[in-house]
Amino acid sequence: MNAIKNNIPNAITSLNLLCGALAIIAAFQCNDTLLWGLKGYQVAYVLIALAAVADFLDGFSARLLHAVSNIGAELDSLSDLVSFGLAPAMVLYNLMLNDGCCPCWALITMLIPVFGAIRLARFNVDTNQKTTFTGLPIPANAIFWIGFTAWYAVSPMPEWAVAIAVVLLSYLMVCPLRMFSLKLHSLSPKENWAQYTLVVATIALLAFVGLPGLAVLIALYVVLSIFKKEK
């Protein structure tokens, strides 16, 4: 029974990885209608979202069952790299190619998983990222690219503009900026004003802008982290 209990979190983490892998497959059929009338890139969004749910539940279940392990932590990072680094990069890569972009320009999207891997490796060896993060967390990177690609799919932009966004987001994942966690240790508005602001902004942006608003949301998260640090 202990062996089963100890592997429940790893099984959930594996679902994260599976969703990420399926999202990559969907990304390569980005303009084909696949499921429920959704195009491939939209199916990839759903799968990345399911991976995020699994990413939350594996940590929760590990703590609940007292089954935290070093193997689980490494598997979690590998899964996150696929689901939140490589999968969104593949969505952007395929949308760019389908829009007639030069393959050489599209290859710049590979910076996303490369810098995502560096960010995760640093996180694994850094003991000072319990209540705050150093650099943009890789799930936030995925959220940005869901918003960005949802925008790009209906309104393609120049290759150089996409390249700037890729380089900027890649840098943000490895930069020394301290970014706040969404975990609340109290309900105090004074202590958690940035978290509450982000929650309100999420609701407003999704209601009035839709999925493209997610890119704006992550930009706001970065700005709030800078301001909170200064305070």
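Guide: Helix α2 has 25 residues and reaches 36 Å from its first C-alpha to its last, close to the 36 Å expected at 1.5 Å a residue. That expected span is 1.5 Å times one less than the number of residues. Helices here are DSSP runs of H or I with at least four residues, numbered from the N terminus. The model is predicted: local features need pLDDT of at least 70 and side-chain atom pairs count only at pLDDT 80 or more, while totals for chains, interfaces and linings use all residues. Residues are numbered from 1 along each chain as its sequence is written, and side-chain values use heavy atoms, with hydrogens and water left out.

Alanine 44 lies in α2. This alanine 44 is buried, with a relative accessible area of 0%; buried means under 20%, exposed over 50% and partly exposed in between, with a 1.4 Å probe and protein chains only. Neighbours within four places in sequence aside, alanine 44 is in contact with Ala23, Ala26, Ala27 and Val91, contact meaning heavy atoms within 4.5 Å. The C-alpha of alanine 44 is separated by 7.7 Å from that of alanine 87, 43 residues apart along the chain.

Leucine 64 also belongs to α2, which covers residues 40–64. Leucine 64 is exposed, at a relative accessible area of 58%. Together with Val53, Phe56, Leu57 and Phe60, Leu64 forms a nonpolar surface patch with about 500 Å² of accessible area. Such a patch joins nonpolar side chains (Val, Leu, Ile, Met, Phe, Trp, Tyr) within 5 Å, from residues with over 30% relative accessible area and no salt bridge; a salt bridge is a side-chain nitrogen of Lys or Arg within 4 Å of a carboxyl oxygen of Asp or Glu. Areas come from the Shrake-Rupley method with a 1.4 Å probe, and for residues only the protein chains shown count as cover.

Just after α2, histidine 66 takes a positive phi of about 55 degrees. Helix α3 covers residues 70–98 and includes serine 77. Serine 77 counts as buried at 10% relative accessibility, and touches Leu120 and Asn124, not counting residues up to four places away in sequence.

Further along are the cysteines. The structure holds 0 disulfides, a disulfide being a pair of cysteine sulfur atoms within 2.5 Å. For cysteine 101, the nearest cysteine sulfur is that of cysteine 102, 6.3 Å away. Cysteine 101 is buried at 6% relative accessibility, whereas cysteine 104 is exposed at 63%. The sulfur of cysteine 104 is 4.1 Å from its closest cysteine sulfur, in cysteine 102, too far for a bond.

Conventions
Patch = residues over 30% accessible without salt bridge, like charges linked within 9 Å, V, L, I, M, F, W, Y side chains within 5 Å. Helix = DSSP H or I, 4+ residues; strand = E, 2+ residues; numbered from the N terminus.
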